[in-house]
Amino acid sequence: MAGIEIISDEMIDRTWEYVRHHRTKWLNTSDNFTAMKDRFNENEWNLFLQYHQKLRDLPQMFENPNDACDNWPSRPDF
């Protein structure tokens, strides 16, 4: 197909340890935003809170770590 480049067709099984490690990293990174709450409008702040909640809920929302990785929440772009 034109315009589509397959980088790899390799399947990688992820573990819950992998998911938790990266989730903790992103939670810690996003926690830095809480000190700057006054720099965001209400909509941006709500998007941030939703993202943060989705990260926290990730292990409870999926039965296996591969599904969790496939459904990783997108960080708001502000």
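His-52 lies in helix α2, which spans residues 42–61 (helices, H or I of at least four residues, are DSSP runs numbered from the N terminus). The model is predicted, so local features need pLDDT of at least 70 and side-chain atom pairs count only at pLDDT 80 or more, while totals for chains, interfaces and linings use all residues. Residues are numbered from 1 along each chain as its sequence is written, and side-chain values use heavy atoms, with hydrogens and water left out.

**Surroundings of His-52**

- His-52 is buried, its relative accessible area being 10% (buried means under 20%, with a 1.4 Å probe and protein chains only).
- Beyond its neighbours within four places in sequence, His-52 contacts Leu-27, Ser-30 and Asp-31, where contact means heavy atoms within 4.5 Å.
- Trp-26 is 26 residues away from His-52 along the chain, and their C-alpha atoms are separated by 8.8 Å.

**Helix α1 against helix α2**

- The axes of α1 (residues 16–31) and α2 come within 9 Å and cross at roughly 160°, which makes the two helices roughly antiparallel (over 145 degrees, on a scale from 0 to 180 between N-to-C directions, with axes fitted to C-alpha atoms over the stretch in contact).
- On the α1 side the contact includes Trp-16, Val-19 and Arg-23, and on the α2 side it includes Phe-48, Tyr-51 and His-52.

Methods:
Buried < 20%, exposed > 50% of the residue type's maximum accessible area, 1.4 Å probe, protein only. Parallel < 35°, antiparallel > 145°, perpendicular 65-115°, else oblique.
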